[in-house]
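Please look over the sequence and the structure shown here before reading on. The report below is meant for someone who is meeting them for the first time.

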Amino acid sequence: LSDNSIGGWADDGTQAIGESLQYLTNLRILDFSNNYIGNQGDNGTQAIGENLQHLISLQVLDLSNNLRIGSEGDNGTIAIGESLQYLSQLQTLDLSWNFIGLQGDKGTIAIGESLKYLTGLQTLDFSNNLIGYGEDTGTQAIGEGLQYLTQLKALDLSMNNMVSGFVNITNGILSLNKLQSLYVQQIKVISPPPSQLDLLKQ
């Protein structure tokens, strides 16, 4: 379903698609990238989020480059976050190029708290969002959740606003023994202690 205009003109279609996900229990790949989900309200994003929990076989979830998820409200992001805990088979999660964090920290917190259930995750992309834009609790939750991602090989946190919560992020990163690729370009942060920086450089 990538590279369409889902959500571009109305939210009804996005809602209908979201509600239908509950029947796709054997789905392994879901790609909503390069659409306009969230452009006409948060209800469609919320419907998608609430029904992701039924996709217990899902291995790849791509919601990247919608540019609007999280822009009209935080309920959709919260729903996505709360459903992630049921996707224990997930290997790739791409939420990049959206507005996660713009309307509050609750959605980011929900996502962060669900990371501990995604122990098989290998690729995680949060880049180009607004994580930490208003509050920093969500950044802290993500940092605390990272430590459970023992199979993670690639992590992209670039272009966010993580400020003091980045200390929690670095603590989480330091426990990722299989990490091969780390991208943190142009993040607004309060620098972690020098000892953490030295370890990250290694």
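## Basis of the description

This is a predicted model, in which local features need pLDDT of at least 70 and side-chain atom pairs count only at pLDDT 80 or more, whereas totals for chains, interfaces and linings use all residues. Residues are numbered from 1 along each chain as its sequence is written, and side-chain values use heavy atoms, with hydrogens and water left out.

## The sheet

Six strands form an open sheet with parallel pairing, in the order S1-S2-S3-S4-S5-S6. Strands here are DSSP runs of type E with at least two residues, helices are runs of H or I with at least four, and both are numbered from the N terminus; two strands pair if DSSP finds at least two bridges between them. At the edges lie strand S1 (29–31) and strand S6 (181–183), each of which pairs on one side only. On average, neighbouring strands of this sheet are turned by 5° against each other, direction ignored, where axes are lines fitted to C-alpha atoms (for helices over the stretch in contact) and angles run from 0 to 180 degrees between N-to-C directions.

S1 and strand S2 (residues 60–62) run parallel and are joined by three bridges. Within this pair, aspartate 31 stands opposite aspartate 62 in S2. In general, strands of a sheet pair through backbone hydrogen bonds, either parallel or antiparallel.

## A strand residue in its surroundings

Leucine 124 has its place in strand S4 (residues 123–125). With a relative accessible area of 1%, leucine 124 is buried; buried means under 20% relative accessible area, exposed over 50% and partly exposed in between, using a 1.4 Å probe and protein chains only. Not counting residues up to four places away in sequence, leucine 124 touches Leu93, Leu115, Leu146, Leu149, Leu152, Ala154, Leu155 and Asp156, where contact means heavy atoms within 4.5 Å. By contrast, the C-alpha atoms of leucine 124 and isoleucine 69, which are 55 residues apart along the chain, are separated by 17 Å.

Helix H3 (75–84) is mostly covered, since eight of its ten residues are buried. The buried residues of H3 are Gly76, Thr77, Ile78, Ala79, Ile80, Gly81, Ser83 and Leu84, and they pack against helix H2 (43–51), S2, strand S3 (92–94) and helix H4 (106–114). Glycine 81 of helix H3 has a relative accessible area of 0% and is therefore counted as buried. Apart from neighbours within four places in sequence, glycine 81 is in contact with Ala110, Ile111 and Ser114.

In H4, the buried residues are Gly107, Thr108, Ala110, Ile111, Gly112 and Ser114, and the buried residues of H4 pack against H3 and H5. Isoleucine 142 belongs to helix H5 (residues 137–146) and is buried, with a relative accessible area of 1%. Leaving aside neighbours within four places in sequence, isoleucine 142 is in contact with Thr108, Gly112, Leu115, Phe126, Ile131 and Ile169.

## Two loop residues with positive phi

Most residues other than glycine have a negative phi, and most peptide bonds are trans. Asparagine 65, although not a glycine, has a positive phi of about 55°, and it is found in the loop between S2 and helix H3. Asparagine 65 counts as partly exposed, at 27% relative accessibility.

Methionine 159, also not a glycine, has a positive phi near 60°. The loop that holds methionine 159 lies between strand S5 (154–156) and helix H6 (166–173), and at 35% relative accessibility methionine 159 counts as partly exposed.

## Charges and rings

Side chains of opposite charge can pair when their charged atoms come close. A search of the whole structure finds one salt bridge, defined as a side-chain nitrogen of Lys or Arg within 4 Å of a carboxyl oxygen of Asp or Glu. The side chains that meet in a salt bridge are those of arginine 68 and glutamate 72, at 3.2 Å from N to O. Arginine 68 is partly exposed, with a relative accessible area of 25%, and glutamate 72 counts as partly exposed at 43%.

The charged end of arginine 68 also sits over the ring of phenylalanine 99, 5.5 Å from its centre; this requires NZ of Lys or CZ of Arg within 6 Å of the ring centre and within 35 degrees of the ring normal.
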